[in-house]
Amino acid sequence: MLISCYNFNMRKNKNLFYKEFLDRENFFLRASFVPESEFYSAIKSGNVRQVRKLCEEPLDKKTGLGVLSKNPVRNLKYHFVITAAMVARKCIEGGMEYSHAYTISDMYILRVDSISDVEEISALHKKMCLEYATQMRIASKKMPCSKYVSACLNYIYENLHEKICVGDLAKISGLSESYISRLFHKETGLKIQEYVLQQKIEASKNMLLYTDRALSEIALILGFPNQSYWTQAFRRLTGTTPAKYRTKASAFS
């Protein structure tokens, strides 16, 4: 089994804390609107033409759309969010990396939050579904990585708040530490600790942008030994300090 390997930049919804951003399981189980299996399959397989055809009918006109709110706009937004989450899950099942799938869903959920027109929500729904399908089509053409490395990538993403070592990934993959280290480097181009640090820095950048948490707290949440260590690593990978990064980003927001 081969699964497409993604490099990603995580973007956090302003309304989500970091740990909440990682925990989505119960949301799917509570979803009341289940799109047709044909729709799911088309997106999962990257069939852009079929997805475009299935999205010809606006979201607000679809039959069987349950009533989650008496307010038409709010009702459609709820269904939009549910669809985004469930499509993300299907794409993950199809090989899309966990983080990449939810980066897309969070981006569109944030967009729909500011829309107050039913037709605009339906148009955004179509755009989102087509983007997922396009990404899945692109993924099928990318150089694949093994199920072992894919499992490691998802474990790293889900545990960025912990200290991650080679031994953890050896257990996850079922391979020896030396073998998974070589395989990981071969398929990602980075050593395990380099990749982990890179993703922790990306996560910290998003926390700097979208939360008002103290620098020391961010360092602690992401499992760095101390704020000084995180600052040095951040500067080495970004060319600036966390404090300056937050200040500069705020000036352009």
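Predicted model: local features only at pLDDT ≥ 70, side-chain atom pairs only at ≥ 80, totals over all residues.
Residues are numbered from 1 along each chain as its sequence is written, and side-chain values use heavy atoms, with hydrogens and water left out.

Now step back to α10 itself, residues 177–188 (helices are DSSP runs of H or I, at least four residues, numbered from the N terminus). Its 12 residues reach 16 Å from first C-alpha to last, close to the 16 Å expected at 1.5 Å a residue (that is, 1.5 Å times one less than the number of residues).

Color Ile180, Leu183, Phe184 and Thr188: these are buried (under 20% relative accessible area, with exposed over 50% and partly exposed in between, using a 1.4 Å probe and protein chains only). Look down the axis of α10 and its buried residues fall within an arc of 105°, so they line one face of the helix (the arc is taken over directions from the helix axis to the C-beta atoms). On the other side, pick Arg182 and Lys186, both exposed.

Next stop, Trp230. Show its contacts (heavy atoms within 4.5 Å): leaving out residues up to four places away in sequence, Trp230 touches Ile201, Ser204, Leu208, Leu215, Ile218, Ala219, Phe224 and Pro242.

Finish with the cysteines. Cys152 is buried at 0% relative accessible area, whereas Cys165 is partly exposed at 34%.

Conventions
Helix = DSSP H or I, 4+ residues; strand = E, 2+ residues; numbered from the N terminus.
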